[in-house]
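Work through the exercises below with the structure open. Try each task before you read its solution.

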Amino acid sequence: MTFAVDGLEKAFKGFKAVDGVSFSVAAGELVALIGPNGAGKTTTFNMANGQLVADRGRVLLDGRDVTGLPPRELWRLGVGRTFQITQTFTSMTVAENIRVALLSRDRAFGVLATTAGRYDDEISGLLSEVGMVAAGAQQCGALSYGDLKRVELAMALANAPRLLLMDEPTAGMAPRERAQLMELVTRTAQERNTAVLFTEHDMTVVFGHARRILVMSRGKIVAEGAPEEIRTNRLVREVYLGQTAPAVR
Amino acid sequence: MISSFLIQTLNGLASASLLFLVALGLTLIFGVTRIVNFAHGSLTMLGAYLGVTLYASLGGGVLGFWGGALLAALCVALVGVLIELVVLRRIYAAPELLQLIATFGIVLIVKDAVLYLWGPEDLLGPRAPGLRGAVLLLGKPFPTYDLLLIVLGPVFLVLVWLLLTRTEFGTKVRAATEDRDMAAALGVNQALLFTSVFALGSFLAGLGGALALPREPANLSMDLSIIADVFVVTVVGGLGSIPGAYVAAVIICVVKAWCIGLGDVAFFGTTFSFSKLTLVAEFLVMAVVLIVRPWGLFGSEPASTQASTAPALAVAPPARSLLIAVMAVAAVLVLFPLMGDRYSLVLMTDVVIFALFAASLGLLMGAGGMASFGHAAYFGAGAYAAAIAAKAGLPFVAALACGLVFAGLLALLFGWFAVRLSGVSLAMLTLAFAQIAWAVAFQWDDITGGSNGIVGVWPPAALEAKAAYYLVALLVAGAGIAFAWRIVHAPFGYLLRAARDSRVRAEAVGIHTRRVQWVAFAMSGALAGLAGTLFVFSKGSLSPDTLGIPRSVDALVMVLLGGVETLTGPVVGAVLFTLLQDWISRATTYWHAVLGVSVVALTILFPQGVVGTIRQRFAHRQVRG
Ligand SMILES: Nc1ncnc2c1ncn2[C@@H]1O[C@H](COP(=O)(O)OP(=O)(O)OP(=O)(O)O)[C@@H](O)[C@H]1O
Ligand SMILES: [Mg+2]
């Protein structure tokens with residue numbers, strides 16, 4: 001699926017958090033959206049998956065204008081999302097979290113049907129993909145941050161997404177785990193021909209896995225290119241060094 | 001026509017001023033303490049009764065009226081301080097629903113105290129000296145006192161605005177309203193501030209009550225009718241907004257006054273009684289505003305929209321041991337007629353009916369995370385529909401079905417609005433809806449029998465024996481509870497709990513959370529209605545009390561008593577509550593006060609709910625040990 005945004009704008013009480021952002025991600029391509037804290041990355045994601053309504057601009061999936069569709073409808077069109085601040089069903093176990101996604105996928109809304117044992121194989125398949133197979137019976141409220149990120153990814157994969165939006169997918173993980181998770185994502189992108197857009201503050205992850213990098217600052221895309229180009233881009237260095245946040249860790 | 005229209009408009013404005021005065025107090029208190037004081041209407045009622053007494057003891061006249069009103073308001077302020085110091089201070093950190101319940105406990109205590117001190121009769125209040133006459137407006141007389149009231153509302157709006165913007169006290173209040181922690185960090189003495197704001201808010205409530213005397217006698221049902229009106233105003237104006245409260249009070253009171261003014265109007269040959277439609281008009285105004293602005297005219301969505309009313313606790317999949325326990329209990333219940341006498345059979349019938357009622361609310365609050373403060377509306381709707389169907393000659397089973405369906409439809413209507421809100425706003429809205437339903441039942445003589453209700457609704461001859469009806473109630477209620485329990489564990493239940501835990505995540509995996517919650521609301525209402533149908537056939541009659549606010553709160557107490565984590569909780573809570581109520585009400589006529597004190601004590605002792613607090617203690621001990 002080709003994913004594109006065109007001229008996205010969003011202001012909060014007069015403050016332009018996103019100011020005319022356009023880019024596209026091709027099927028099977030891994031693109032990183034980087035930038036200092038408060039650059040507008042999450043806001044861009046929120047408009048891309050329909051959680052926020054853009055003030056201006058369009059969101060396109062395979063050329064189709066999907067601007068303004070709510071997240072649940074975009075999900076049915078193949079958009080999966082993970083959140084910077086993890087969002088899981090904390091009263092449920094890891095397996096049940098995945099089960100909810102699968103029930104929703106199959107539009108299973110029954111009030112009398114049973115759920116016991118339903119999707120067990122599929123759930124363990126998804127959990128083993130993200131390296132959580134042993135944690136199926138654990139309560140989501142008791143998981144570490146890194147594990148929650150994995151659960152979120154497994155939920156996103158449950159619907160075989162054609163576009164994956166991941167907001168800081170490896171935050172809270174050890175370096176080894178980060179590499180493993182990104183390898184999984186890379187593999188998924190290739191095998192399933194999924195378009196992947198992710199934000200990340202860890203530059204090893206960004207430069208190690210992204211095919212293309214978009215640099216965002218103060219609501220605008222200020223640079224775009226292959227990792228090698230971005231690494232040597234003067235403007236990018238300024239954007240990061242001009243900030244107090246330790247962006248390059 | 002124009003002149004009567006004008007008169008009604010002015011009439012509405014006068015009512016609006018009084019209502020605003022009371023709502024203003026509630027809003028100020030809410031802004032600073034974040035507590036919605038259910039007992040605010042009770043303070044108004046207290047102000048009215050005190051106003052009557054003080055007028056007499058001050059020897060009437062100008063001093064008696066105005067001095068009496070002022071003194072009454074001051075006394076109410078003192079009562080407010082007492083309430084704040086004794087009760088609220090201990091529960092500022094408790095979940096908001098528990099706070100609401102605690103203040104409802106105060107409602108019950110105040111009501112019985114007023115009953116004890118002043119007796120059950122309405123007390124006619126004094127007329128304002130010097131303002132008893134009327135002025136002619138466009139040739140029609142209009143009470144002078146009402147003209148004064150019209151001015152009073154805006155005057156208080158300005159006074160409070162000056163107080164908030166021009167004084168140091170006001171600055172502190174605003175700081176605490178904006179950001180409590182910040183205010184504390186800036187050295188604002190929180191305890192003192194909270195108490196003084198509570199005193200001010202109570203003063204306004206008391207004043208509103210005393211000043212309403214020339215228009216309305218002091219009576220024992222003021223507390224709930226006023227708090228329901230104030231909730232409507234607060235929901236329509238936007239929770240926490242002072243101008244919103246005024247605008248909403250004006251809109252609602254004026255529309256109501258117009259309806260009364262229109263009276264009977266002939267439309268295409270049929271007469272249409274608008275004066276009986278005031279409640280419907282109130283509902284329509286509320287509905288229109290909430291469709292356009294779910295959080296009220298001047299309100300905005302609270303920062304955390306998470307439906308955090310229920311603690312997100314795990315629902316364990318059904319275990320075999322539970323099934324065995326349920327079977328055992330069921331066996332005992334089925335065999336009960338062999339051992340129980342007539343009295344205990346009737347009591348046990350109540351127990352199973354209220355178990356279903358509590359389970360229906362438990363489903364909504366637990367799995368749904370939505371606390372309905374007006375669940376008796378559906379219970380009562382079911383009861384009325386079944387009674388009317390039975391009176392029309394429908395057989396018993398068909399009448400049951402009518403009750404179930406009608407309650408479900410009503411819940412579908414109210415629920416559409418309710419699922420757009422959360423937390424206390426949701427609580428206030430559901431309560432306001434229920435109050436409207438109550439008033440419709442109370443006023444619509446032709447259909448509901450008005451205050452007399454409907455009598456002679458008995459089950460068919462085969463079920464006339466108490467034991468037989470008990471068994472039928474047990475069967476139907478048991479099926480209802482089993483169905484509620486099934487829902488929680490079915491795919492739908494998963495989606496419902498998902499929507500409760502994280503709306504954002506649920507939407508991101510394709511769940512239409514509002515719709516799921518809406519359907520849950522309707523199903524919960526239908527089950528409550530089923531309980532209501534069983535109730536009416538067991539009593540043989542029903543009155544508007546069946547859907548009054550107290551019954552809604554009974555259900556809440558049952559649910560919180562048992563805990564919302566599982567459906568067993570509400571059922572156990574219902575059993576305990578019904579048996580206790582029976583036991584205490586045989587011992588004293590002041591059963592409400594006893595219940596009120598127990599509710600307050602429970603919330604102070606168990607600020608996280610009985611089960612939650614015990615769990616917490618247990619966890620602490622484990623950590624220490
Ligand atoms: N709901 C909101 N209301 C007001 N301001 C907001 C809101 N959401 C974001 N902002 C502001 O918009 C700007 C962009 O925020 P955003 O979360 O998109 O940044 P980000 O690039 O994701 O940063 P980070 O790397 O810290 O996650 C910030 O200044 C933020 O304070
Ligand atoms: Mg972000």
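**Exercise 1. Find what sits over the ring of B:Tyr494, and how far from its centre.**

Solution. Step 1: apply the rule that a charge sits over a ring if NZ of Lys or CZ of Arg is within 6 Å of the ring centre and within 35 degrees of the ring normal. Step 2: the charged end of B:Arg497 sits over this ring, 4.6 Å from the centre. Step 3: look in chain A, where the charged end of A:Arg231 sits over the ring of A:Phe207, 4.5 Å from the centre.

Before going on, note that this is a predicted model, in which local features need pLDDT of at least 70, side-chain atom pairs count only at pLDDT 80 or more, and totals for chains, interfaces and linings use all residues. Residues are numbered from 1 along each chain as its sequence is written, chains are lettered from A and ligands numbered from 1 in the order in which they are written, and side-chain values use heavy atoms, with hydrogens and water left out.

**Exercise 2. Describe the surroundings of ligand 1.**

Solution. Step 1: count the shell. A residue is near if one of its heavy atoms lies within 4 Å. Ligand 1 has 13 residues around it. The closest are A:Asn37, A:Gly38, A:Lys41, A:Thr42 and A:Thr43.

Step 1: sort the shell by class. Ala, Val, Leu, Ile, Met, Phe, Trp, Tyr, Cys and Pro count as nonpolar, Asp, Glu, Lys and Arg as charged, and the others, Gly among them, as polar. The shell has 7 polar, 4 nonpolar and 2 charged residues.

Step 2: find the elements. Helices (H or I, at least four residues) and strands (E, at least two) are DSSP runs, numbered from the N terminus. In chain A, strand 2 (15–25) and helix 1 (41–48) each supply at least two shell residues. Helix 1 of chain A gives the most, with 3 residues.

Step 3: list polar contacts (pairs of N or O atoms within 3.5 Å; within protein, one must be able to donate a hydrogen and the other to accept it, and residues adjacent in sequence count only if both atoms are side-chain atoms).
- A polar side-chain atom of A:Thr43 is 2.5 Å from an oxygen atom of ligand 1.
- A side-chain N or O atom of A:Gln84 is 2.9 Å from an oxygen atom of ligand 1.
- A backbone N or O atom of A:Ala39 is 3.2 Å from an oxygen atom of ligand 1.

Step 4: check the cover. Ligand 1 taken alone exposes 640 Å², and the protein buries 61% of that. The areas come from the Shrake-Rupley method with a 1.4 Å probe; for residues, only the protein chains shown count as cover.

**Exercise 3. How many residues of helix 1 of chain A are buried?**

Solution. Step 1: set the cut-offs. Buried means under 20% relative accessible area, exposed over 50%, partly exposed in between (1.4 Å probe, protein chains only). Step 2: count. In helix 1 of chain A, 7 of its 8 residues are buried. Among them are A:Lys41, A:Thr43 and A:Phe45. Step 3: look past the end. A:Gly50 follows helix 1 of chain A and has a positive phi, near 90°.

**Exercise 4. Classify the aromatic pair B:Phe414 and B:Phe433.**

Solution. Step 1: recall the rule. Rings of Phe, Tyr and Trp (its six-membered ring) pair if their centres lie within 6.5 Å; planes under 30 degrees apart count as stacked, over 60 as edge-to-face and the rest as tilted. The count over all chains comes to 27 aromatic pairs. Step 2: apply it. The centres of B:Phe414 and B:Phe433 are 4.4 Å apart with 10° between the planes, and the pair is stacked. B:Phe414 lies in helix 15 (residues 396–418) of chain B and B:Phe433 in helix 16 (residues 423–443) of chain B, so the pair ties together parts 19 residues apart in sequence. B:Phe414 is buried at 4% relative accessibility, and B:Phe433 is buried at 1%.

**Exercise 5. Is A:Arg218 buried or exposed?**

Solution. Step 1: locate A:Arg218 in the loop between strand 9 (212–217) and strand 10 (220–225) of chain A. Step 2: read the area. A:Arg218 is exposed because its relative accessible area is 68%. Step 3: check phi. Most residues other than glycine have a negative phi. Phi of A:Arg218 is positive, near 45°.
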